[in-house]
Amino acid sequence: MLKYLLVFADVHHDFRIPELQSVSELHGLPLTFPESLEDQDPRRPYMVVGLEQEEHALVLARRCILVKSVYEFYGQGSTYEEVHTGTRANETKWARYVPDTSFRFIVTAHNHKIPQSRQKAVVESFAYMGLLGKINMKHPQILFGCFEEYTTRNGVIRSKHEGDGHFRQVYFGRLLEEGSARQLIGKFDVKKRAYYGNTSMEAEISLLMANQTLNYGRILGGAGKVDI
């Protein structure tokens, strides 16, 4: 199995895994989840899953409402040293981009704002990759993403960059595709509808139900229906 990093939309946490299971079953895509229960926690913003081929990862990006983006996975860890070790071990995945591919890095976090100075330091820490292509901030051929995960501190007042660097986990990979299914939320917004049915509901929930009902209907021979 090849590994891919999923970046989730920060909504409807309990629907994340059921939607992945439903869409993968509907399209006949073998899918594996992390071994540890901690890494399977649907409340966490990032998850590394196993798929047989890149095309399968693209299906998830295009069909799953709760997937913001999908990355080819290079490394993760509780420290950047661990991330760099994993990235070096996966050199065969990114070595072909070294000679002449334009690129861009993004360094971002969940539940935290990373100072610009440290974002720059993080990017420079990947200098060992030896990328020779041009840096292109607007239209790069490839985009590398570094994601720091911080624990939620609801109700706690803190300064803008307090706790910077004390992340729970950090992930690194190459963007394959932004999630396109989420665009349907705006298209089917209740406020834009010309007709309201008795069972009409909020667009995002109805689309999530549709994804799961489609697979349920396939199993029952087409009996599953949902009104969006």
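Biologist: What do the buried residues of α5 pack against?

Modeller: They touch α3 (80-89), β5 (103-110) and β6 (142-149), with contact meaning heavy atoms within 4.5 Å. Helices (H or I, at least four residues) and strands (E, at least two) are DSSP runs, numbered from the N terminus. Keep in mind that this is a predicted model, where local features need pLDDT of at least 70, side-chain atom pairs count only at pLDDT 80 or more, and totals for chains, interfaces and linings use all residues. Residues are numbered from 1 along each chain as its sequence is written, and side-chain values use heavy atoms, leaving out hydrogens and water.

Biologist: Which residues of α5 are buried?

Modeller: R118, Q119 and V122, in a helix that spans residues 116-124. Buried is under 20% relative accessible area, exposed over 50%, partly exposed in between (1.4 Å probe, protein chains only). Seen down the axis of α5, those residues fall within an arc of 105°, so they line one face of the helix. The arc is taken from the directions from the helix axis to the C-beta atoms.

Biologist: And what's exposed on the other side of α5?

Modeller: Q116, S117 and K120.

Biologist: Switching to strands: how many bridges join β5 to β6?

Modeller: 8, and the two strands run parallel. I106 sits opposite G145 in β6.

Biologist: In what order do the strands of the sheet come?

Modeller: β2-β3-β1-β4-β7-β6-β5, making an open sheet of 7 strands with mixed pairing. Two strands pair if DSSP finds at least two bridges between them. The edge strands, β2 (31-32) and β5, each pair on one side only.
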